[in-house]
Amino acid sequence: MKLSIKNSIYQAIINNKWLDVSYVNKAGEKTNYYFAIKNINSDKGTLLCDIFNPFKDSETISGTIYIDSIKSATVLEQSYYETPKDLLEKVNSDKKIGDYLEVVNFDNNILKYLSDCYRLDNDPCLKEEVMIDGIDVRTLLKAGKYKLDDKQFGTLLDNVFKKPKFKAEMINRYQTLAINKFSIDIRDKQYVVAYRTLTLNFKDKTLKISDKSSINKSFLIDEQKVTLSMYLDMNPDEFCEKFDQNEVEYIESIKANFHNGERVNTRPNIFFLARNYQRGVDEAFEAVHHMDLEGKMSIPLKAFFGRNKSKSGTSKEIHLVVFNRNKINIDQMRVVYNAMVNHVTYVKGPPGTGKTETIFNVLLSAYANDKTVLVCSNNNHPVSDIFAKMDSTLTIKRPFNAEEKIIFPMIRLGNNAEIKPTNNPNEIE
């Protein structure tokens, strides 16, 4: 999901990152640079930056650029930059700057979040090793940072950043530069269990390691999935949470469950972890974003982003009807209310969370508010359950403990056994 230029600037500032920028100078020449932002002047529309050209120079320079001259900007995920504290405070507290940088861009942030979810919901695999000679890994792990010499810095630029544009974008978006903490070697292949991410500061040529290990609960080796639970006698979530505090103990416990010639690998090699990505996902989110900007977003999409209040539904009193108040919680009650006042309401939940009961209460409330409801599904079973519940559950107490069934005006369609009497009213009991 591509952010707007101004929103990318904001994301780079608050996340301590460099920007990959396409910039047009006064002579009309277009050049690509890496920018690290030191200050912003929203009145003049300028940025004070550290500027680095990975293809020409080995040193950074300081300069002022005009935001309107930036033609594209992408946050460099493999980088880091210590954003000045006063700039962070200004961006977070000055509403004028926040508005200028499109900080209140809720929909776009949701789309970016969804894009990240799709990306991360794929098993990682080992893409390739990055050979950088002479790095003192012990110093890196102990200090959290490591000053690269010119040769090491150049090697890292060549392996990570000096790539053709499309490949560079794929690396930045879908690959993670990391160092191994603990792997399991299986048939001469490496299952990376625990790793630390690495990022680069172009200004001081410093490689930085993350404070905490990341854990791969599952991994792809030759397109075959391997899972951490195959080697664990404990809860995987506990393993992930406490690995750094109990590294030696946890590795030994996994080693005890080796059964097919596996070997422990704690060599601190540097590599790319890659994830497969679904083509078209980002393009779809980008199309949604442009639909919103152009005012062409459909009602279901508006509902997804919380901009779907029904004018007719909020102009009069809403009646909420619940069949059994002991079988409904606050979240389900909110669903019933939202269904009465919104054009569209999305509800998601696993089996046993009360969706059928909630739908039942939505139908009762809809009837009380003179609304018409269509209940549909891709199979007959849930529709039949709702129909049966509406048809048999509601009764009125009469004198002498007699009960009278409440008849709702409803028609069951889609099932051959039900369609026949529906089309022939004389056959309806």
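I began with burial: of the 429 residues of the chain, 39% count as buried (buried is under 20% relative accessible area, exposed over 50%, partly exposed in between, with a 1.4 Å probe and protein chains only). Before going further I noted that this is a predicted model, where local features need pLDDT of at least 70 and side-chain atom pairs count only at pLDDT 80 or more, while totals for chains, interfaces and linings use all residues. Residues are numbered from 1 along each chain as its sequence is written, and side-chain values use heavy atoms, with hydrogens and water left out.

**Overall make-up**

I counted 16 helices and 17 strands in the chain; these are DSSP runs numbered from the N terminus, helices being H or I with at least four residues and strands E with at least two. I then looked at contacts (heavy atoms within 4.5 Å). Among those between residues at least 6 apart in sequence, 64% join residues at least 24 apart.

**Helix 1 on helix 2**

Helix 1 (residues 5-14) and helix 2 (residues 85-93) pack at about 130 degrees, axes 10 Å apart. My axes are lines fitted to C-alpha atoms, for helices over the stretch in contact, and angles run from 0 to 180 degrees between N-to-C directions. This pair is therefore oblique: under 35 degrees counts as roughly parallel, over 145 as roughly antiparallel, 65 to 115 as roughly perpendicular and the rest as oblique. The crossing is left-handed, that is, the near helix is turned anticlockwise from the far one by less than a right angle; clockwise would be right-handed. Tyr-10, Ile-13 and Ile-14 of helix 1 meet Leu-87, Leu-88, Val-91 and Asn-92 of helix 2. I sorted that contact into six nonpolar, one polar and no charged residues (Ala, Val, Leu, Ile, Met, Phe, Trp, Tyr, Cys and Pro are nonpolar, Asp, Glu, Lys and Arg charged, the others, Gly among them, polar).

**Helix 14 and its partners**

Helix 13 (residues 330-341) packs on helix 14 (residues 355-368) at about 40 degrees, axes 9 Å apart, in a right-handed crossing. Their contact has six nonpolar, four polar and no charged residues.

For helix 14 and helix 15 (residues 380-392) I got about 55 degrees and axes 10 Å apart. That makes helix 14 oblique to helix 15. This contact holds six nonpolar, one polar and two charged residues.

Leaving out residues up to four places away in sequence, Glu-357 touches Phe-323, Lys-327 and Lys-389.
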